[in-house]
Amino acid sequence: MSPLLSQEQTQALHEGLVIPAHPLALDEHRKLDEQHQRALTRYYLASGAGGVAVGVHSTQFEIRDPQYGLFEKLLRLASEEVEAARLSRPFLRVAGICGPMEQALSEAAIAVGLGYDAGLLSMGGLQGWSEADILKRTELVAEVIPVIGFYLQPSVGGRAFSFEFWRAFADIPGVIAIKMAPFNRYQTIDVVRAVCCSERRDQIALYTGNDDNIVNDLFTVYQFQVQGRMVEKRIVGGLLGHWAVWTHKAVQLLEEIKLARIQESLSPEWLVRNIEVTDSNAALFDPAHGFEGCIPGIHEVLRRQGLLKGTWCLNPHEELSPGQNEEIDRVYADYPHLNDDEFVRRHLSDWLK
């Protein structure tokens, strides 16, 4: 039986949290820069984030390769900073979990040993696995650590799963949330409807991933007829690479959205803000080049703020795409209210200590 979230953590997860996907700080030799790695975690804690996800795509999957061997080290560094912060609010340490059965179970055990609260379970790299195989893997991992499912859709390199898959997925004890990268609304509806049809619907929180519709996702109420009664579900928060930058403003944004939900007042201005966030996401995540510059795009913003020394990735071929720097310049100029440069400037020296 996997460890359980505390009541306070569960409540916070279901109310909605900003959970940044933690980047990897490297020096010019592409070696771990521990000072800036810790500074990033301190930044997310100080920004008011409700969690941090380490060992996920934004942390670079290559950290698991034997020549780097950084998976456990990075989880430990982040966990130490969370402990040192002694927060009075609920906070979730989320570990990215990848690979076939043996690897996934090993990573889950490492995460639990380092104090992590949940595992974001990737379903990538399992070509040839049936949906039944992947469900079994999920069940076994969920016995070790509470699972956040992850629907990485085909438009961003994942694979499609059936409604029946998600219906069975939602019934797995230990699944506490599902993060969707919902570029395809049809596939998104499959997940939400499947959760609504499960008796565990109230135990599963829905989170948005990096996409072209973040603000609208956080306002949308999904309604489905289930056995003769109307069931509602909404996407409550985000586990986002996009929120690895300008995190302080992302926290403010989610709090504003929560207030607007309570007041049930959706002004047309929110549709404008949705496009501003989406346009910024395009500059950072580089859909113009098939998302090839998504990690360097995050790094470039953090470099400008002083939170990273450079945009280096473990893969030397992973660089900003042509014109991406200029696009980041443009969204900085067009949407100055979205960045948190001033907040970072005030605290950076403390975080780098």
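The questions and answers below concern a predicted model.

Q: Is Ile63 buried or exposed?
A: Ile63 lies in the loop between β2 (51–54) and α3 (71–85). A residue counts as buried under 20% relative accessible area. Because the relative accessibility of Ile63 is 0%, the residue counts as buried.

Q: Which residues is Ile63 in contact with, leaving aside its neighbours within four places in sequence?
A: Contact here means heavy atoms within 4.5 Å. Leaving aside the neighbours within four places in sequence, the partners of Ile63 are Leu24, Gly55, Tyr68, Gly69, Leu70, Phe71, Leu74 and Leu314.

Q: What distance separates the C-alpha atoms of Ile63 and Leu74?
A: Leu74 is among the residues in contact with Ile63. Along the chain the two residues are eleven residues apart. The separation of the C-alpha atoms of Ile63 and Leu74 is 8.8 Å.

Q: How many residues of strand β6 are buried?
A: Strand β6 covers residues 175–181 and is mostly covered. Buried means under 20% relative accessible area. In β6 the number of buried residues is seven of seven.

Q: In which sense do β5 and β6 pair, parallel or antiparallel?
A: Strand β5 holds residues 147–152, and six bridges join this strand to β6. Leu152 stands opposite Ala181 in β6. The sense of the β5 and β6 pairing is parallel.

Q: Which residue in β7 is the bridge partner of Ile178?
A: Strand β7 is made of residues 205–208. β6 pairs with β7 in the parallel sense over four bridges. In β7, the partner of Ile178 is Leu206.

Q: Which element gives the most to the lining of the second largest pocket?
A: This pocket has a volume of about 230 Å³. Of the 15 residues that line the second largest pocket, the closest to its centre are Leu4, Gly174, Ile176, Arg200 and Gln203. The elements giving two or more residues to this lining are α1 (7–15) and β6. With three residues, the element that gives the most is α1.

Q: How many nonpolar residues are in the lining of the second largest pocket?
A: The lining of the second largest pocket includes five polar residues and one charged residue. The number of nonpolar residues in this lining is nine.

Q: What is the volume of the largest cavity?
A: The structure holds one cavity of 30 Å³ or more. Leu24, Ala25, Leu26, His299, Leu308, Lys309, Gly310 and Trp312 line the largest cavity. By class, these lining residues are five nonpolar, two polar and one charged. The volume of the largest cavity is about 30 Å³.

Technical notes:
Residues are numbered from 1 along each chain as its sequence is written. This is a predicted model: local features need pLDDT of at least 70, side-chain atom pairs count only at pLDDT 80 or more; totals for chains, interfaces and linings use all residues. Side-chain values use heavy atoms; hydrogens and water are left out. Buried means under 20% relative accessible area, exposed over 50%, partly exposed in between (1.4 Å probe, protein chains only). Two strands pair if DSSP finds at least two bridges between them. On a 1 Å grid over the protein atoms alone, a cavity is a set of points where a 1.4 Å probe fits but cannot get out, and a pocket is an open set with protein on both sides within 12 Å along at least five of seven lines; lining residues have an atom within 4 Å of a point. Grid points are joined across faces, edges and corners, and a volume is the space filled by probe spheres set on the points. Ala, Val, Leu, Ile, Met, Phe, Trp, Tyr, Cys and Pro count as nonpolar, Asp, Glu, Lys and Arg as charged, and the others, Gly among them, as polar.
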